[in-house]
Amino acid sequence: MSRMRTPSALAGLLLVLVTLVLAVIGPWLWGAEAERFDPLHTLQGHSPEHPLGTDDGGRDLLARTLAATRQSVWLAVLATLITTAAGVPLGALPSVLGPRAARFTSGLIDSLVAFPVLLLAMFAALLAGAGARGAVVGIGVAAVPGLARLTRTLADTVAASDYVAAARVLGAGRSAILVRHVLPNIAEPLILTITANLGYALLGLATLSLLGLGVQPPDYDWGRLLHDTLPRVYVDPEVVAGPALAVALAGTGFALLGESLARASARVPVAPVAPSAPSAPRGESRTVLPPGCGPLPEAPEAVLEVRDLTVSFGGVTPVREVSFSVAPGELVGIVGESGSGKSLTALAVGGLVPHPGTVAGRVLLGGRPLAELTRRELGTRLAMVFQDPMAALNPALRVGSQLAEVATAHLGASRGQARKRAVERLGRVRLPDPEAQARRYPHEFSGGMRQRAVIAMGLMGEPELIVADEPTTALDVTVQKRVLELLAEVNETTGAAGLLISHDLAVVSQHCGRVLVMYAGRIVEELPSSELRRARHPYTRALVAASPDLETDRSRPLATIPGRQPASAEVPAGCAFAPRCARALERCRTDRPEPVDGLACWNPETA
Amino acid sequence: MFLLRRATRFALSLVLVVLASFAMLHLIPGDPVRAALGPTAPREAVEQRRAELGLDRPWPEQLRTYLGKVATGDFGESFLSRQPAGQVVADRFPATVQLVVVTVALALLVAVPLGMAMAARTHGGRGRRSELAFTSVTGGLSVIPEFLLAVAMIALFGVVLRWLPVAGKDGAASFVMPVLALAAGPTALLARLVRMETLRELSSDYVRLARAKRLPAVRLYLVHLLPNSLTATLTTGGLVLTSLLGGSVVVEYVFQWPGLGGTTVEAIAGKDYALAQAAILVYGAVSLTVVFLVDLALGLLDPRSRPRMLG
Amino acid sequence: MKGAEGAEGASGAEGALLEVRGLNVRYGGFHAVRDVSFTIGEGEILGLVGESGSGKSSVARALTGLAPRTGTVAGPGPRGVQLVFQDPYASLDPRMRVGRSVAEGLPRGVGRRERPAEVARLLELVRLDPETARRYPRELSGGQRQRVAVARALGARPRLLIADEVTSALDVSVQGAILNLVRELRAELGLAVLFVSHDLAVVRYVCDRIAVLREGRIVEEGPVGRVIENPADDYTKSLLEAVPRLRLFEHLC
């Protein structure tokens, strides 16, 4: 139970246990003492016999506080029962009722939630009559809208899920879905919330009693004790300490326990962090050469040079000793399946690896390490394009100002100059009427337009490198084509180096001269994209064979790759692809092949 | 469209409040006039009072009269003091408004920068200790009820240290304890919300792009993040502001603040139903108005809910 | 689901398993599907291709009762048409073991004792180890989950399977296995399939006939070879042109 380890959950649990024990034993141990009148010692402050003083009947306040635990907790339980009995069905109803009735109940719940709980409680208590019964009904009823709304939100999420849709298609009725899918999936968060509600009921009841609207004498709970002792706080402050502390500790105990557990259970479980497999001794790193394309790396004109780039998160290393370089005007593709480390490589090249990732190796932009570049140089010489254009622009700001800020922040441009530049750049990515587009908000743009705007944003400086991470995965094919053509064109006309990351071999091959194929964090092959069908690495071959295109032979089953890519925590010692490789030798499983001439394989394909 | 929907719901809820306040007198078990005047009051006095209040008429007629009166601002007479209830509410309400407005201002001024700063410090799993301290402190504060803080502060600052006045409303110093007692919970809750929403925004793509543009931190947080996390916070946190209205009743009672809260408690305890009716009507209407205004502000702040520009 | 609806269960045109005439889907003021008509024969795989917003998923949902529709639909009854969803991570109840999820599809007639055997048979049908029944969805890969979803749908003994973008959430190396499975199920069970996808290359590989949807209307329909090699509609042509292809020619460095 790792979720129990937060201090608030532990504190809550401890307080709840103490409260429950006191509720059971309190009246037995201190009940008689709490009821004993002592007319000679009324309204006393602290004394050795009465540590917290006495009340107007000379009864010991400490004993009364301890004995009141049962009454206070019991009333809170009753109130919570009312809340649960009404709130959960009311919240679950809309998912069972027809649409019109559902809308009505939802509207009612939403309206009621707007009222302060305490006022609702006072209103309900007033109707039910002053006294313990009225207070319990009041507090119980007042919490109903909140619980109902939470139940509805949870139930709606489940009801809208694909697995419920699947059950409906299979013919399951509304009540069967409620019992089989909805209730089990909302039970845990609901139970935790109800625990927290118990705490709030305890506090609410104490509040009503304090105001004189709750428990009436001769009965007493903590709130009533507070009500009676409050006027004396100015003389003997210690007399309120007992009931005040009791309410505070018990109430917050339940609330903390429920809330912290509810939060913990709502959190997505974190992937286990296992120690990485021991990596092979790091030899003299060789430069990856594209076959037949001459020695590009080491050449001084390379805009981007990446050497032994390794990215780790704790013990997990999703990117391992990646080396490559990109020349001016060149567009290089990185291809791999999900989990291959290609996106993280892109982020590392952009200097954007999120905390707590650590980056080892070298990334040189224009011959200088990334770390040495100033913020301004990075902001103008490096441009990034991300996958989801719907999320990449700030919804609250106009598109024009999101472009212009690059110029004001880094180029010392005035607002007017920056604006002009932004409009000019929007025109350059061929958005019609750039003047008007600059004044719009991102939600008024289509996906393709947004991706163009992001590319234009990269052009605000004088980019030497453009990194595009799956820039068209979220777009339709017809839009994808135009955006990729724009990227290639920008690449060519500005002379910037380009890095195009994609899961789609065909996309990369169409626009990039060179392709790097990544598997389990490493580059396994580097080759001209025209050579993809004649790839030498079995993984590249298999990937090409598994991607259907418009010429694939329909009479034969599609090639598949058995097994799955190892997670970065479980990469084996030898070649990571060996367990899925038909050509694997004994050596492949023990000895990792270093890249030689753009190929990391002991037994490459020949023809 | 959005505006219309909200306005309709607002209007319907207001009607609901008026009906509830009317129904109140009729839902109370037993005879409210007898209860108010006490068991010893002579039968004639009770009958006369009932006639004065129109309680002997059929209820549809009573409802019509009631609606007419409410529309003209006439809330009837206090059962006990025989003053017009509307007058009592009008006398008392400004003190409540002062208390609540100062509290809301304080809560927002503290919670927003604090939440954002904590988000900046703790995002991506860094600053584990700060995170623990923040969540523990705000978690505790957000569940401790106002009256406990009030009592504790009175004991400490009022009685033991004698720094601050313990009751009443007299000058700036008298605001300190009530405002703090009332603000602590909502501030803690809002600060948590702001942090959560800011963290969510921090992991979004547009922030990643803004980082890729290497914008200065001030611009990133104030221009890019603030509007988004603020609207997100108010969407879920708007109700915190109305719950504050409920808390003010207790705080006013404990500090003997001359506001509407204390009057309401007295009216309920003393079975002064006309006054309670008026007070509940006012509280209900104000809560609804606050929620409505927050909704409106959100609609205006978020460009996505504005009508689409053409051309 | 209210409105003019044909007699379910009645068979339509000769040889057709499902006949759809004048199908319309409206969400409030939004008209997602407009007057769509098509037929699917016994054991036939019909591809429904379109870009986002073309209404292809709305057709899938309308035919399975998940979206409100008007028009005539004649074909197998409700349980005879089953749907497999795009996202295998969302379409299985995380709190149910795989076996229970699959058993959900079984007809009432299957008794409690026969269920485990039937579940095992279904899992084997989708090339999964019957032991998988004891696992939870979170322990499975995306491809395995998608197979479980197919097994659950097959449990209802459908005559028509609607596959709504079933491979678009999967990696290339896994996609092929699911596509092969669809074709094998047709061969083994004579199952008809409505294969909804945005990917023309995938549709071409799997389907016998293709219908191209644009803004809620079918703009072209025909045998797969004819539509791909000789498209009549301009929109189909532009879709085909946009399909990225592996470059074949030598490229200058």
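Two residues are taken to be in contact if their C-beta atoms, placed from the backbone, lie within 7 Å. The structure is a predicted model, in which local features need pLDDT of at least 70 and side-chain atom pairs count only at pLDDT 80 or more, while totals for chains, interfaces and linings use all residues. Residues are numbered from 1 along each chain as its sequence is written, and chains are lettered from A and ligands numbered from 1 in the order in which they are written.

The contact of chain A with chain C involves 51 residues from chain A and 46 residues from chain C. At least two residues of the side of chain A that touches chain C are supplied by each of α7 (162-169), α8, α18 (477-494), α19 (505-511) and α20 (538-546) of chain A. Of these elements, α7(A) gives the most, with seven residues. The side of chain A that touches chain C consists of 24 nonpolar, 17 polar and 10 charged residues. Chain B and chain C are joined by no contact, and their closest C-alpha atoms lie 13 Å apart.

Chain A has a mean pLDDT of 86, with 93% of its residues at 70 or more; pLDDT is the predictor's confidence in each residue, from 0 to 100. Over residues 267-298 of chain A, the pLDDT is below 50, although this stretch has 56 contacts in the model beyond near neighbours in sequence.

Chain B contains 12 helices and zero strands, and its C-alpha trace spans about 85 × 65 × 30 Å along the principal axes. An unreviewed UniProt entry places the feature "transmembrane region" at residues 99-120, 132-160, 172-194, 229-255 and 275-301 of chain B; UniProt positions are given in the numbering used here, feature names are shortened, and annotations may be inferred rather than shown by experiment. Residues 132-160 of chain B are 93% helix and 0% strand, with end C-alpha atoms 32 Å apart. For residues 229-255 of chain B, the corresponding values are 100% helix, 0% strand and 35 Å.

Two packed helices are described by the angle between their axes and the distance between the axes. Axes are lines fitted to C-alpha atoms, for helices over the stretch in contact, and angles run from 0 to 180 degrees between N-to-C directions. The axes of helix α7 (residues 146-160) and helix α8 (residues 173-202) of chain B come within 9 Å and cross at roughly 145 degrees. This contact is made by B:E146, B:L149, B:A150, B:M153, B:I154 and B:F157 of α7(B) and by B:M177, B:L180, B:A181, B:L182, B:A184 and B:G185 of α8(B). The contact of α7(B) with α8(B) has 10 nonpolar residues, one polar and one charged. For helix α5 (residues 85-122) of chain B and α8(B), the axes come within 6 Å and cross at roughly 35 degrees. The contact of α5(B) with α8(B) has 23 nonpolar, four polar and one charged residues.

In chain C, the domain assignment gives domain 1 (1-76 + 159-253) and domain 2 (93-156), whose centres, taken over C-alpha atoms, are separated by 26 Å. Eight residues of domain 1 of chain C are in contact with eight residues of domain 2 of chain C.

Conventions
Helix = DSSP H or I, 4+ residues; strand = E, 2+ residues; numbered from the N terminus. Nonpolar A, V, L, I, M, F, W, Y, C, P; charged D, E, K, R; others polar. Domains from an automatic or database assignment.
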